[in-house]
Amino acid sequence: MTDVPSDMISFAGKIMMLSGIFHFSVTSWGRTREHNARVGGVADSQHLKWLAVDVVRDIDCDKQAFIDACQSMNLQVIDEPDHLHVQAGRPSPQ
Ligand SMILES: [Zn+2]
């Protein structure tokens with residue numbers, strides 16, 4: 001077994017860091033192509049690479065503060081009707 005790719009480790013670490021600041025739950029993380037299709041995910045979804053999570057916030061978790069924190073960590077946020085989709089940002093140029 002090879003090491004977990006660093007982008008996956010980095011992404012998971014950022015989500016766990018956020019969990020120490022905000023009250024939220026992750027309702028979807030990695031997906032198979034089959035499951036992604038069943039739930040209506042886009043064909044090239046970052047969920048397929050385990051580089052996206054869907055988040056539901058507790059009542060005391062301010063949406064804008066959460067989004068700001070994500071963006072400061074180079075995470076992209078899409079505000080969906082019933083959750084926030086959070087995915088890894090573009091890798092910085094080497
Ligand atoms: Zn999503």
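I take helices to be DSSP runs of H or I with at least four residues, numbered from the N terminus, and on that reading I place Phe66 in helix α3. I note at the outset that this is a predicted model.

**Entry 1: the chain as a whole.** I counted three helices and four strands in the chain, and going from the N terminus I read the order of elements as α-β-α-β-α-β-β. I then looked up the overall dimensions, and found that the C-alpha atoms fill a box of roughly 40 × 35 × 25 Å along the principal axes. The radius of gyration is 13 Å, which agrees with the value near 12 Å that a compact globule of 94 residues would have. Of the 94 residues, 13% count as buried. Among the contacts with a separation of 6 or more, I found that 58% join residues 24 or more positions apart.

**Entry 2: the sheet.** Which order do the strands take in the sheet? I traced an open sheet of four strands in the order β1-β2-β4-β3, with antiparallel pairing. Because β1 (24–28) and β3 stand at the edges with a single partner strand each, one side of each is left without a neighbour in the sheet. From one strand to the next, the twist averages 35 degrees.

I went through two of the pairings in detail. β2 and β4 run antiparallel and are joined by four bridges, and here I noted that Asp54 has His85 in β4 as its bridge partner. Helix α3 packs on the sheet, where it touches β2, β3 and β4, and its direction makes about 150 degrees with that of β3. Strand β3 (residues 75–80) pairs with strand β4 (residues 83–88) in the antiparallel sense over six bridges. These two strands form a hairpin with two residues between them, and Glu80 stands opposite His83 in β4.

Entry 3: The largest nonpolar core has ten residues, namely Phe11, Leu51, Ala52, Val53, Val55, Phe66, Cys70, Leu75, Val86 and Ala88. At least two of its residues come from each of β2 (52–57), α3 (63–72) and β4, and β2 gives the largest share, with three residues.

Phe66 counts as buried because 20 C-beta neighbours lie inside 10 Å, the cut-off for buried being 20 or more. Beyond its neighbours within four places in sequence, Phe66 is in contact with Phe22, Arg57 and Cys61. As a check on distance, I looked up Phe66 and Ser28, which are 38 residues apart in sequence and 18 Å apart in space, C-alpha to C-alpha. For Leu51, with neighbours within four places in sequence again left aside, I listed contacts with Asp7, Met8, Phe11, Gln46, Gln87 and Ala88.

**Entry 4: two loop residues with positive phi.** Where does Trp50 lie? I found Trp50 in the loop between α2 (33–38) and β2, with a phi near 60 degrees, a positive value in a residue other than glycine. Trp50 has 17 C-beta neighbours inside 10 Å and so counts as partly exposed.

I found Asn74 in the loop between α3 and β3, and its phi is likewise a positive value, near 60 degrees, in a residue other than glycine. With 14 other C-beta atoms within 10 Å, Asn74 is partly exposed.

Terms used
Residues numbered from 1 in each chain as written. Predicted model: local features only at pLDDT ≥ 70, side-chain atom pairs only at ≥ 80, totals over all residues. Pairing = 2+ DSSP bridges. Core = buried A, V, L, I, M, F, W, Y, C linked by C-beta atoms within 7 Å. Buried ≥ 20, exposed ≤ 12 C-beta atoms within 10 Å, placed from the backbone. Contact = placed C-beta atoms within 7 Å. Rg over C-alpha atoms; globule rule 2.2 N^0.38 Å. Axes fitted to C-alpha atoms, helices over the stretch in contact; angles between N-to-C directions.
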